[in-house]
Amino acid sequence: MTLMQRLKPVLVICGLTLPVAIAPIGDAAPTTVSAPPVPQLNWQPCTDPDQKGFQCATAKVPLDYRNPRGESIQLAVIKHPATDRSRRIGSLFLNPGGPGGAGTEDLPAWFSLFPAELQQRFDIISFDPRGIGNSTAVQCFANEEEGKRFFTQLPQGFPVGDKEIRAWIRGYERLGQLCQQKSGKLLAHVSTVEVAKDMDLLRRAVGSPMLNYVGLSYGTYLGAVYANLFPNRVKAMVLDGNIDPSGAWNNGGKGDTRLSISLRIGSDVGSAKTLKAFLDLCGQASRDRCAFSAGSAQATQAKFTALLEKLRKQPVTLNGKTFTYAVFLYALSADLFVVKNFGGFKGWASAAELLQKVWEAPAATSSDPATIPLIAPDVGFFSVGCADTPNPRNPEAYRQLAAVTSARAGAIGLNAVWGDLACSTWPAVSANRYTGPWNRPAANPILVIGNTFDPSTPYEGSIAMARDLARARLLTIDGFGHTVFLNPSQCANQYITNYFIKGQLPPEGARCKQDYQPFTPI
């Protein structure tokens, strides 16, 4: 499971822009970087039908930057050329989050979400980070079918009860062993520091003296690491859906290492806060706008509590599938990510329809695991997240963490803590963790953006990011869902466009609204 994909896509009221000038954003003054060698990119039209209109290439980078001319690995890179070539001003990199997000998949799926002027004037580039996707990837199984068989044997969603917890612990300990057997050398070299160095090589490979960058979710942490490793190479950087760099990911002594990574980020609390907003707004809407509405916020909250009690007692059968308590909560947590239907995300109205169908569904007559929707976690999240962050190393500690998150976030938070359990026995530690400082002055100020109701990376992470970076401006979005990028705001997009094209920051304290408000007509 990843932070961006815990399942696997007219101005609105804004203040007037008060420009804060930074250096122009196009490719500008050269910088000098020595070894390792800069990759040669041979761009060709991508062959996958889902990547029509994009160009693909492969980059060779060092496995270990301490031996930059030693063994190499490959990165899969993708580009959409600027649509107005006569006005092109540079390249713009995207990291879609995760860790585990594959840029070669997400950039084509999400390209339409970039503001139109950025599509016109920048080559927009992404890549599958080392260990992920079509790059040299962490392998744990001989083939996809073997992986499905492995995860089918584990409790689905998260474990409930002592028997399932013991199976969960054994299963994820075995997963780490399998990954170590097949990918041992690579496991120690998928750190954020190494990905940041890869991105700097790709910047040079496309001929950009300085970096333009959009980082989502985990990509905000990657951006912060880059900005502090290479502060003089930051041209313009938008960090959306932020992780507190000094107190959450790689805590540097500030965060509480008794908590696992997702609890330090606050994903459990963010999910609970967003779920409450979901149910409150649903209850205030009519049934034709929100199928699960019970006529008021309070009544809808009570209906949801009763639904959980129903599922705790017995699973239900819906469309030939068995929905358990854990599978239901896992699916719901992902449905909170995007308010309006987009790509593989249902949107809140569709999520409410699912809740109502589960409410009405008959009790299951069989708990045959074959009828439960298979949830195969993203090994990329473990490969990077477990090796790159401090986590409790005793599997039994996660029972106590489950109690902590139940008390502070309720049942919806259990996805976060049990999703981190693999880290307790993960066999690798990153060869190079970055723990600060976070306040090296970048060549240009950084734009930090956060939704006030983000279920995965709560708004407090964006406040912390803007505080920790030496030169940053926070733009607050009064909205719901994980990242502004996936839950668009024309107001925010105008600020982002002005920032990349003109070098203008939003005024201090600027706020925007989300375009689509939950349970309203589309």
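Thr483 is buried, with a relative accessible area of 0%, and in this predicted model the residue has a positive phi of about 75° although it is not a glycine. Its place is in the loop between β11 (472–480) and α17 (490–502). A positive phi in a residue other than glycine also occurs at Asn319, where the value is near 55°; Asn319 belongs to the loop between β8 (316–318) and β9 (321–323). Is Asn319 buried or exposed? With 72% relative accessibility, Asn319 counts as exposed, because the cut-off for that class is over 50%.

| Peptide bond | Omega |
|---|---|
| Gly98 to Pro99 | about 0° |
| Gly436 to Pro437 | near 5° |

Pro99 sits in the loop between β4 and α1, whereas Pro437 is found in the loop between α15 (414–419) and β10 (446–453).

An open sheet of mixed pairing is formed by 10 strands, which follow the order β1-β2-β3-β5-β4-β6-β7-β10-β11-β12. At its edges stand β1 (44–45) and β12 (511–513), and each has a single partner strand, so one side of each is left without a neighbour in the sheet. Within the sheet, β2 (residues 55–62) pairs with β3 (residues 72–80) in the antiparallel sense over 8 bridges, and Ile73 in β3 is the bridge partner of Val61. Helix α1 (residues 103–110) packs on the sheet, where it touches β3, β4 (90–95), β5 (122–127) and β6 (211–216), and its direction makes about 5° with that of β3. Helix α5 (residues 192–205) likewise packs on the sheet, in contact with β2, β3, β4, β5 and β6, and its direction makes about 125° with that of β2.

The largest nonpolar core holds 123 residues, of which Phe278, Phe304, Phe328 and Trp418 touch the most other members. Helix α4 (residues 162–187) supplies the largest share of this core, 9 residues. Leaving aside residues up to four places away in sequence, Trp418 touches Phe158, Pro159, Ile165, Trp168, Tyr398, Arg399 and Ala402. A second, separate core of 39 residues includes Leu118, Leu486, Tyr495 and Ile496.

As to confidence, the chain has a mean pLDDT of 91, and 92% of its residues reach 70 or more. Over residues 5–34, however, pLDDT stays under 50, and for this stretch the model has 101 contacts beyond four places in sequence.

Methods: Residues numbered from 1 in each chain as written. Predicted model: local features only at pLDDT ≥ 70, side-chain atom pairs only at ≥ 80, totals over all residues. Heavy atoms only, no water. Core = buried A, V, L, I, M, F, W, Y, C linked by side-chain atoms within 4.5 Å. Buried < 20%, exposed > 50% of the residue type's maximum accessible area, 1.4 Å probe, protein only. Helix = DSSP H or I, 4+ residues; strand = E, 2+ residues; numbered from the N terminus. Contact = heavy atoms within 4.5 Å. Pairing = 2+ DSSP bridges. Axes fitted to C-alpha atoms, helices over the stretch in contact; angles between N-to-C directions. pLDDT = per-residue confidence, 0-100.
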